[in-house]
Amino acid sequence: MQYREESGYVSALILASLCLGLCRGYFSLEVGDPCPTPGYRSRCQPVEGCETLNSHLETGRLNLETVMNCGYTSHSEKICCPVEDAHTLNRIDQGTTTSTTPRTTTRWTTRRTTTTRRTTTTTTTSAPNTDNWVDIFQTDRDYVSSSVVTIPTGQRASRDSVVFRDTSEGAECKAPLYEGQCRAVSHCPSVEPLLQQGRLRDEDFTTCREGTHEEIICCPLNLPLQPRVQTAPRLDVPSESQSPQSPQDPQEAEVIARADALLPHYRHLAALAHPNAAFDGHWHHCTAMVLTPQLLLSAAGCERPSHAVFGVADMRDVDADEDYLTDIVRLAPFHKDLALIRLQDPLRLNDRTPANVSVAPVCSQYELTRLQVSGKLVAVAWGKGDDTDCPLYEMPMRLRPTWACGDLVNYGRVQDLGSSHLCLEPENGVEDLRRFSNSSTCTPCPASVASVLHLVRPSGTRCVLGIATPTGADCDARIMYFTSLLNSQFRQFVENEQKQ
């Protein structure tokens with residue numbers, strides 16, 4: 001155990017206390033979580049419990065401006081506390097000259113049990129820009145390995161090479177739709193008028209950092225010219241010809257408004273179109289997620305769809321001429337459980353289409369192990385009605401032990417049922433399975449419409465955990481399986497399909 005003088009310990013607490021309000025960071029992590037900090041390996045700890053901070057400040061590896069914040073406890077600030085004591089490490093600015101060979105990086109590694117310095121030189125080649133779906137999985141190891149500093153060719157590493165974004169109040173900031181300054185929400189005069197005018201939505205405002213009392217956002221200084229919120233009525237006929245004697249059902253209007261609000265969180269989802277019985281139209285009763293620009297993933301029970309629709313909250317409003325539709329050319333089933341759907345043309349991702357399609361953010365194994373305490377679970381899909389399409393919904397779910405699903409009948413003949421499946425039920429039971437409104441036949445049917453299970457992180461962002469298992473359960477099933485995507489056999493299956 002390393003000896004620490006009492007005065008050093010006291011000075012560490014004093015310096016750590018000064019970090020309040022000065023540290024930079026963009027994360028809200030749990031105590032013990034690895035921090036993605038460049039330049040040093042760290043884990044999130046309360047500031048008073050970080051015993052290695054003093055040595056890093058003394059040796060100059062860190063200063064109060066470069067120690068990153070990772071959240072707050074009820075008593076103090078949490079910081080990205082270095083894992084190793086600085087006295088046992090080589091300072092990053094004491095290295096020898098790096099190799100001048102192109103694409104060569106020098107990394108310094110030191111073990112606690114030895115004082116020998118070992119230098120390893122690796123040569124990397126430029127890899128083609130491919131959309132490998134496995135890259136979206138992140139684990140504890142990925143968080144730690146991302147903290148290794150890569151030194152540009154011919155440049156000596158120093159503390160100045162680690163640059164953090166300025167998130168102090170008044171600092172300049174940039175969001176996808178506007179430019180502005182970091183200000184507390186209450187001190188940003190443009191928020192309320194922009195929301196009222198429909199020029200921005202809640203999700204369009206970018207966060208600079210989490211403040212002690214209120215969120216620090218990027219306050220808009222330049223205003224978007226076009227409204228972002230659709231204000232026209234969504235039911236029956238357009239507003240100019242709508243009769244005042246036929247008022248909208250308030251409950252149905254609320255359902256549609258909720259679907260519109262949910263859509264920005266689920267740009268990675270698509271509604272699958274199947275021909276109706278008369279083959280003069282389509283029904284959209286199944287859901288798929290974007291795995292790669294050319295591959296979608298759904299449940300095998302949805303059979304062979306004709307095309308996929310993106311960016312429509314209420315499927316009763318689908319317009320083949322205006323909405324983003326993509327043709328499906330091939331379907332590959334996996335264990336009669338999941339279906340890998342190949343599109344005729346790769347998707348145009350992000351803001352290159354009105355639908356603003358994106359690849360699904362898949363949860364990591366690390367998040368899966370913490371899902372019971374780190375956020376809530378929701379099943380998301382478009383509802384199912386009697387000869388009608390339905391709006392998007394989000395249903396709160398709760399995890400059950402595997403034995404609770406042991407009596408489910410496997411009408412879909414899913415292979416290895418239970419081996420890589422999660423057992424869940426609606427959080428509010430039968431109440432969540434009722435019709436959307438009195439004037440509609442739409443119901444959620446989460447077990448039979450390939451609903452996609454998401455984890456809502458504490459920050460409010462979503463990631464995908466699984467897809468409803470096609471066991472053949474009824475529309476009003478109260479307990480159901482979801483197939484986990486964190487499956488090594490399924491990963492291999494997708495990799496093989498990508499090569500074809």
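Two strands pair if DSSP finds at least two bridges between them. In this predicted model, strand 12 (residues 282-292) and strand 13 (residues 295-299) meet that cut-off, with three antiparallel bridges.

- Within the pairing of strands 12 and 13, V290 has L296 of strand 13 as its bridge partner.

**Strand 10 and its partners**
- Strand 10 spans residues 216-220. Five of its five residues are buried, so strand 10 is largely enclosed by the rest of the structure.
- Strand 8 (residues 179-184) runs antiparallel to strand 10, joined by five bridges. In one of these pairings, Q181 has C219 of strand 10 as its bridge partner.
- Strand 9 (residues 207-209) also runs antiparallel to strand 10, with two bridges between them. Here T207 has I217 of strand 10 as its bridge partner.
- A hairpin through six residues joins strand 9 to strand 10.

**Helix 5**
- Helix 5 covers residues 250-262, which makes 13 residues. From first C-alpha to last it reaches 18 Å, close to the 18 Å expected at 1.5 Å a residue.
- Which residues of helix 5 are buried? They are E252, V255, I256, A259 and L262.
- Seen down the axis of helix 5, the buried residues fall within an arc of 125 degrees, so they line one face of the helix.
- The buried residues of helix 5 pack against strand 18 (392-400).
- At the N-terminal end, D249 caps helix 5. A side-chain oxygen of D249 lies 3.1 Å from the backbone nitrogen of Q251.

**Ser55**
- S55 sits in helix 2 (residues 53-59).
- Is S55 buried or exposed? The relative accessible area of S55 is 3%, so S55 is buried; the cut-off for buried is under 20%.
- Leaving out residues up to four places away in sequence, S55 touches D85, A86 and H87.

Methods: Residues are numbered from 1 along each chain as its sequence is written. This is a predicted model: local features need pLDDT of at least 70, side-chain atom pairs count only at pLDDT 80 or more; totals for chains, interfaces and linings use all residues. Side-chain values use heavy atoms; hydrogens and water are left out. Buried means under 20% relative accessible area, exposed over 50%, partly exposed in between (1.4 Å probe, protein chains only). Helices (H or I, at least four residues) and strands (E, at least two) are DSSP runs, numbered from the N terminus. Contact means heavy atoms within 4.5 Å. The expected span of a helix is 1.5 Å times one less than its number of residues. The arc is that of the directions from the helix axis to the C-beta atoms. A polar contact is a pair of N or O atoms within 3.5 Å; within protein, one must be able to donate a hydrogen and the other to accept it, and residues adjacent in sequence count only if both atoms are side-chain atoms.
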